Structure formats: structure tokens, C-alpha cells
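Here's a quick briefing to read with the structure open beside you.

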Amino acid sequence: MRFFDFYWDTEIAAHLAEHGIVPEDFEWVVRMARVRGESRSTCRPCCWGETVDDRYVLCVYEYIDETIILPITAYEVRCPRRQQP
């Protein structure tokens with residue numbers, strides 16, 4: 001697990017809540033992510049991973065410095081490894 005601190009304010013938390021994501025979900029996915037990349041639309045760093053309740057989530061963020069992350073957005077996406085019924 002990677003160590004990061006996260007910069008949260010009410011606006012960021014409210015934006016994520018619109019997508020059904022709470023700060024604990026975001027932090028878990030970012031810390032535990034095995035897949036990292038860059039957002040196609042914003043070119044910001046992002047990662048994909050599962051929340052504790054087994055939702056597959058994309059998290060987009062910025063680095064304030066080497067250990068502090070500013071969350072931008074997060075939302076549930078289809079997991080590429082899961083079979084569709």
C-alpha cells in the first residue's frame with residue numbers, strides 16, 4: 001500500500017458524493033491501485049481499482065507534492081476483468 005495524504009474540502013467531497021463515492025472509497029482505491037495511468041480528457045494522473053464494497057472505480061487526481069493528492073473526480077466504471085451476464 002502506498003502512503004499518501006489527501007487534500008479534502010467540502011466542494012471536492014460533495015462532487016464525489018454526486019457519483020456515489022465517499023472520501024474513504026477514493027483514498028482506498030488510490031492507495032491500493034495496481035493500474036495507474038493518465039486521464040484521456042484531462043491528462044491528469046488517474047488510477048483504477050476496487051472499493052472495499054467491490055465497486056470498480058476510476059479516480060482522477062493531481063499531485064500537490066510527492067505525497068499529497070488533490071482529488072478531482074471519481075466514478076464507477078465497468079471492470080475489464082469481470083464477465084457481463
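The buried residues of H2 pack against strand S1 (5-6), H1, strand S2 (35-38), strand S3 (45-50), S4 and S5. Bear in mind that this is a predicted model. Its secondary structure comes to 2 helices and 5 strands, and along the sequence they run β-α-α-β-β-β-β.

**Helix H2**
- Asp25, Phe26, Glu27, Val29, Val30 and Arg31 are the buried residues in H2.
- Glutamate 24 also sits in helix H2, which covers residues 23-32.
- Is glutamate 24 buried or exposed? Its relative accessible area is 58%, so glutamate 24 counts as exposed, the cut-off being over 50%.
- From glutamate 24 to arginine 2 is 22 residues in sequence and 15 Å in space, going C-alpha to C-alpha.

**The nonpolar core**
- The largest nonpolar core has 15 residues, and the ones touching the most other members are Phe26, Val30, Cys47, Cys59, Ile69 and Ala74.
- Helix H1 (10-18), H2, strand S4 (56-63) and strand S5 (68-76) each give two or more residues to this core.
- As background, nonpolar side chains in soluble globular proteins tend to be buried together.
- Take cysteine 59: leaving aside neighbours within four places in sequence, its contacts are Phe26, Val29, Val30, Pro45, Cys46, Cys47, Thr73 and Ala74.

**Aromatic rings**
- There are 5 aromatic pairs in the count.
- In one of them, phenylalanine 4 and tyrosine 63 have ring centres 6.2 Å apart and planes at 50°, so that pair is tilted.
- Phenylalanine 4 is in the segment before S1 and tyrosine 63 is in strand S4, so their pairing ties together parts 59 residues apart in sequence.
- Phenylalanine 4 counts as buried at 2% relative accessibility, while tyrosine 63 counts as partly exposed at 38%.
- Phenylalanine 6 and phenylalanine 26 make an edge-to-face pair, at 6.1 Å centre to centre with 90° between the planes.

**Cysteines**
- How many disulfides does the structure hold? The count is 0.
- Cysteine 79 is in no disulfide either, and the nearest cysteine sulfur, that of cysteine 47, is 14 Å away.
- Cysteine 46 is buried, with a relative accessible area of 1%, and cysteine 79 is buried at 4%.

**Overall shape and surface**
- The radius of gyration is 12 Å, which agrees with the value near 12 Å for a compact globule of 85 residues.
- Along the principal axes, the C-alpha atoms fill a box of roughly 40 × 25 × 25 Å.
- Of the 85 residues, 34% count as buried.
- The accessible surface is about 5700 Å², and 52% of it belongs to carbon and sulfur atoms.
- Among contacts with a separation of 6 or more, 42% are between residues 24 or more positions apart.

Key. Residues numbered from 1 in each chain as written. Predicted model: local features only at pLDDT ≥ 70, side-chain atom pairs only at ≥ 80, totals over all residues. Heavy atoms only, no water. Helix = DSSP H or I, 4+ residues; strand = E, 2+ residues; numbered from the N terminus. Buried < 20%, exposed > 50% of the residue type's maximum accessible area, 1.4 Å probe, protein only. Core = buried A, V, L, I, M, F, W, Y, C linked by side-chain atoms within 4.5 Å. Contact = heavy atoms within 4.5 Å. Disulfide = S-S within 2.5 Å. Rg over C-alpha atoms; globule rule 2.2 N^0.38 Å. Areas by Shrake-Rupley, 256 points an atom, 1.4 Å probe, with all protein chains shown as cover. Phe/Tyr/Trp six-rings, centres within 6.5 Å; stacked < 30°, edge-to-face > 60°.
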